[in-house]
Amino acid sequence: MPNRSASRVIPLVRPDGSAQPPAPASDRLDSWKEIAVYLKRGARTVQRWEREEGLPVHRLQHDKLGSIYAYKTELDAWWTRRGAELDEGAPAPSASARTVAVLPFADMSQEKDHAYFCEGVAEEIINALSRVHGLRVASRTSSFPLQASCSDPREIGRRLRVGALLGGSVRKSGGRLRIAVQLTGAENGFQLWSGRYDREMSDIFAIQDEIAESVVRALEVTLTQTEATALRKPRTTDVRAYDSYLRGRSYYYQYSPKSIEFALQMFMRALEIDESYAQAYAGLADCWSYVYLYSKRSDVVRGQADWASRKALELDPNCASAQASRGLCLSLDGEREEAERAFQRAMELDPGLFEAYYFHARHSFAQGRLEEAVHYYEQASRVNPDDYQALLLAAQSYESLSRPGDADAARRKGIEIAERRIQLNPDDARALYMAANGLVAIGERERGRQAAERARSIRPDDPMLL
């Protein structure tokens, strides 16, 4: 068996075959990151130079992937010979290389009960990367469901129209964390960067920042000072509050009355721990808005949503989800112009935030502005190609605009997506009853009735379903 000790290295050999004496420790660079920083280039570029241009990089004899290192003196000598030529002929990174999707991280914990935390870590990295102007990032609602139905990175990249994929795994045990991540080229499957973090649970925010910064460097995106600061800005500094918030969002995205109740409890628990947590207030606002829209239309419920959304914006006016939540609440209150401003601000802060477009579309539809509703539903569908709701709701506006062909196409595509979701989540009553609506509208009445009955057997007391 190979010896996996990190202390054994491949000895350097001079051209005459004699062993080269080891260089001083200060001359050694021990990762692609250090080499890239030393050469003032992205990690992807220096990896290509090693493959194609003979950049002097050495490897340790351990692990399947192996560790790498380089010496500054050797890099300097190589640069003297090759630097000017490479600088002159180097192609600029392609636009597709600056597009990335973050996939949900795998739960490697023994109990397999931390899926919400793994998804939350990935979502926070998405949020951080979305603040970088030179980088387009696929939304959570687009990339997360897709991985469950497709394992080929090239297919995922094609469907999401991105040049790179970030995936990883999380092992959480007691107060310790182990996070492993890999950035992979979507076109060829080559690894662009990887990292492993063995830290205390309290270091989770620093780990997320480091991962985001490493992705930016690997894709050779230049940060402004404002973006660099925003990339390191935590939404909370308390791990317990963060954990409760992640549990809340996990429940919220299930879109059922019972899961919304659980989400409310988790967001309130997060705020008991950290009363200045803006995202937790935005989560509360979304839950109360959901209750008002789909369950209990009362002034008390609407007032709760209004209060929570105001508080979220007061704490962090540059939080896109807080702006989107506030826009929805203002829409429910009939404050048309203020709602418009909030939605626009949410889209400026995070162009990949599905809720900003989706809530805006619903607002426009309620105002009778059907062309705008169609526009924002279409935008929501582009941001999240695996969402069925925007398409099925857009069909109503298409019909009212005397565009039956577009209505039919939207319904058929929405039904197809909803049925894929139902295959993965058989108890998703909302997907069932919205698909049922679309099926009846295109003339497939029996299939629609069956879908509606399945939904009713799962949630017999759901007001929207009834």
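The model is a predicted one, in which local features need pLDDT of at least 70 and side-chain atom pairs count only at pLDDT 80 or more, whereas totals for chains, interfaces and linings use all residues. Residues are numbered from 1 along each chain as its sequence is written, and side-chain values use heavy atoms, with hydrogens and water left out. Helices (H or I, at least four residues) and strands (E, at least two) are DSSP runs numbered from the N terminus.

Ten of the 13 residues of helix 15 are buried, so the helix is largely enclosed by the rest of the structure; buried denotes under 20% relative accessible area, exposed over 50%, and partly exposed the range in between, with a 1.4 Å probe and protein chains only. Among these buried residues are Phe-354, Tyr-358, Phe-359 and His-363. Just after helix 15, Gly-368 takes a positive phi of about 80°.

A cavity is here a set of points, on a 1 Å grid over the protein atoms alone, where a 1.4 Å probe fits but cannot get out, and lining residues have an atom within 4 Å of a point; grid points are joined across faces, edges and corners, and the volume is the space filled by probe spheres set on them. The lining of the largest cavity comprises 15 residues, of which Tyr-252, Tyr-255, Tyr-294, Tyr-358 and Phe-359 lie nearest its centre.

Tyr-255 is found in the loop between helix 9 (239-252) and helix 10 (257-273), and its phi is near 50°, a positive value in a residue other than glycine. Most residues other than glycine have a negative phi. Tyr-255 counts as buried, at 14% relative accessibility. Ser-402, in the loop between helix 17 (389-400) and helix 18 (404-424), likewise has a positive phi, near 60°, but Ser-402 is exposed, with a relative accessible area of 62%.

Note on methods: On a 1 Å grid over the protein atoms alone, a cavity is a set of points where a 1.4 Å probe fits but cannot get out, and a pocket is an open set with protein on both sides within 12 Å along at least five of seven lines; lining residues have an atom within 4 Å of a point.
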